[in-house]
Amino acid sequence: MAASSAGMCTAVCNLNRQITVYTKRIKAHNTFNKIIIRRLWTSTPRCHSQLQIKKKSATQQLVGVVGLEIHAQINSSTKLFSGSQVGFSAPPNSQVSFFDASLPGTLPVLNRRCVEAAVMTGLALDCTINRKSLFDRKHYFYADLPAGYQITQQRVPIAVDGTLWYSHLIGRKQGQVVTKSVRIKQIQLEQDSGKSMHDDSRSQTFIDLNRAGVGLMELVMEPDMSCGEEAAAAVRELQLILQALGTCQGNMAEGQLRVDANISVHHPGEPLGVRTEVKNINSARFLAKAIDYEIERQIEVLESGGAVLNETRAFDYKSGQTIPMRDKEGLQDYRFMPEPNLPPLIVYDRERAPPPAGADPAQVVLLDAVRELIPELPRARRARLVDTYGILAEHSFTLVNEDGLTEYFEVVARETRAGPKKAIGWVINDVLGLLKQQGLNVSQSPVSPHALSELLDLLEAGRVSSSAAKTVFQELWNGAGRSAAQIVEELDLGLVDNSTELLRICQHVIDSHPDEVQAIRAGNRKVLNRLMGLVQKQTKGRADPVRVRAILEQGTS
Ligand SMILES: Nc1ncnc2c1ncn2[C@@H]1O[C@H](COP(=O)(O)OP(=O)(O)OP(=O)(O)O)[C@@H](O)[C@H]1O
Ligand SMILES: [Mg+2]
Ligand SMILES: [Mg+2]
């Protein structure tokens, strides 16, 4: 049923004419707004747990309050109410069905996959899943919304009252884990709009409806956070949870996760202040910056006797400032009404609320069946990694943050005799370090976990020194399909196990460096390291450092 781009053209071209006028108005408004913006200092995090209150007492101090609304694009091959495909980089208007383009007479057909995704996300965030939820129309005028309304869930959403636990690392070396939570007010299923593309040089706006009707989950959080850093950590955790569930790919740069930040300031203990809403922020870093900027701005406005306006603002990535987009008050009548073309959405449960006899299994969503599919979630995974392998908490964060790295590490930890604490260092510093340097992901690693385990075994068995092991690793990375043991043999990287040979090299170093020997004898033990380095140079890193030290200590005593 996908409409061809040629078929779309007439409708889109007519819309373009209206939009040109509309865009010009917005531009004029923004230019005016830019003039009245003041530059504000934004580098201080405004977490009130971390605020260094200097002059004022805690109650006099204005603190930030942050509530997020997050639109997560549901990972489904087809749209929420139509069978057209979902694809990020498809040619404009090539994935548009008659329903997505709002042609008269078309009706929505709910995509079961999207419902399951919302249920699974709700369960993972400890929400109550409403057995019966409802769809509503939310009206607003915009050219990329051809129906003039969005189908959403306003009165009874699919999931309510959840919690997102998130942690962030603080301290000088990021070695301390702080865990916090934010309440999830609701998760609602809704349609995405199309995209408007503005061509400034020709003063035209083009509409691409590929995204129109793609399934979204809007997660509305309670205003429980107080600064940009907390919000960014919460969004990163949510991103990991959604990716683990497979309900959203979570790529912020591709718009799969879009964050609106609601921000206000108040004195602790007093009612919340007037909020502004910064729309469509597409990276966690910019989110933190936008929020901290906005908190500073509002504090400055209030402290200089002004009032914060209930308005929608945009974040200007270049200047690091938020700028007004539109006044929210008065413009916000969405004329909500029940969606007449969709019956209530019912979710069943095999035990407590089984589907009616004869119901088509392809049309039924079972809560308990969805619950069984929930995989290990990031928080539980970090705790298990720390418990099972005795690794540091910050290392568990690194493992979980990188897709596939936990699995990689666990294979190495299982296979090698070197123990998980040695393995973690190699996985994070060597494997991940090089992957990042070369822009590869874990599945593209030239060194398999099995090959790394073999290398660590050689190291553990004392067959190579740690510096030779680094050379072997580099060789493994460069490919050629040889095992660690073969590389050691071919490049003659095995430890010098001939004592006479090692004694001869050490003695030669001692004899040819009388000044150093004298310094060591005078008590300067650090010079011994220099001699050790010279021995390693001569043996190409193949000498056991413990033995070398012992021989040199004896020879210089
Ligand atoms: N005083 C406040 N300060 C900061 N955040 C707030 C404050 N009051 C409410 N919020 C947050 O604002 C958000 C309100 O979202 P909600 O979807 O209910 O309404 P909306 O923003 O008016 O609608 P829309 O979906 O059209 O943007 C929530 O995330 C909530 O936590
Ligand atoms: Mg909202
Ligand atoms: Mg909002």
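Predicted model: local features only at pLDDT ≥ 70, side-chain atom pairs only at ≥ 80, totals over all residues.
1. **The ligand shell.** Start with ligand 1. It is surrounded by 16 residues. The closest are Gly67, Pro223, Asn262, Ser264 and Leu272. Strand 2 gives the most, with 5 residues.

2. **What the shell is made of.** Sort the shell around ligand 1 by class. There are 8 nonpolar residues, 4 polar ones and 4 charged ones.

3. **Strand 2 and its partners.** Look next at how strand 2 is paired. Strand 2 and strand 13 run antiparallel and are joined by 10 bridges. Gly67 has Asn262 in strand 13 as its bridge partner. Both residues are listed among the closest to ligand 1. Strand 2 also pairs with strand 12, again in the antiparallel sense, over 5 bridges. Strand 2 is mostly covered, with 9 of its 11 residues buried.

4. **The main core.** The largest nonpolar core holds 119 residues. Val119, Ala231, Ala261, Leu287, Leu455 and Val472 have the most contacts inside it. Which helix gives the most to this core? Helix 3 (residues 228–245) does, with 10 residues. Another core, of 5 residues, lies apart from the largest one. Val96, Ala101, Leu209 and Ala212 are among its members.

5. **Leu287 up close.** Pick out Leu287 and set aside its neighbours within four places in sequence. Leu287 is then in contact with Gly228, Ala231, Ala232, Val235, Val259, Ala261 and Ile281. Two of these, Ala231 and Ala261, are also on the list of residues with the most contacts in the core.

6. **Helix 4.** Buried residues in helix 4 include Ala284, Leu287, Ala288, Lys289, Asp292, Glu294 and Arg297. After the helix comes Gly305, with a positive phi near 90°.

7. One open sheet has 3 strands in the order 7-6-17, with antiparallel pairing. Its edge strands are strand 7 (149–152) and strand 17 (337–338), and each pairs on one side only. Strand 6 (residues 136–139) pairs with strand 17 over 2 bridges. Asp136 stands opposite Pro338 of strand 17.

Terms used: Residues numbered from 1 in each chain as written. Chains lettered and ligands numbered in written order. Near = placed C-beta within 6 Å. Helix = DSSP H or I, 4+ residues; strand = E, 2+ residues; numbered from the N terminus. Nonpolar A, V, L, I, M, F, W, Y, C, P; charged D, E, K, R; others polar. Core = buried A, V, L, I, M, F, W, Y, C linked by C-beta atoms within 7 Å. Buried ≥ 20, exposed ≤ 12 C-beta atoms within 10 Å, placed from the backbone. Contact = placed C-beta atoms within 7 Å. Pairing = 2+ DSSP bridges.
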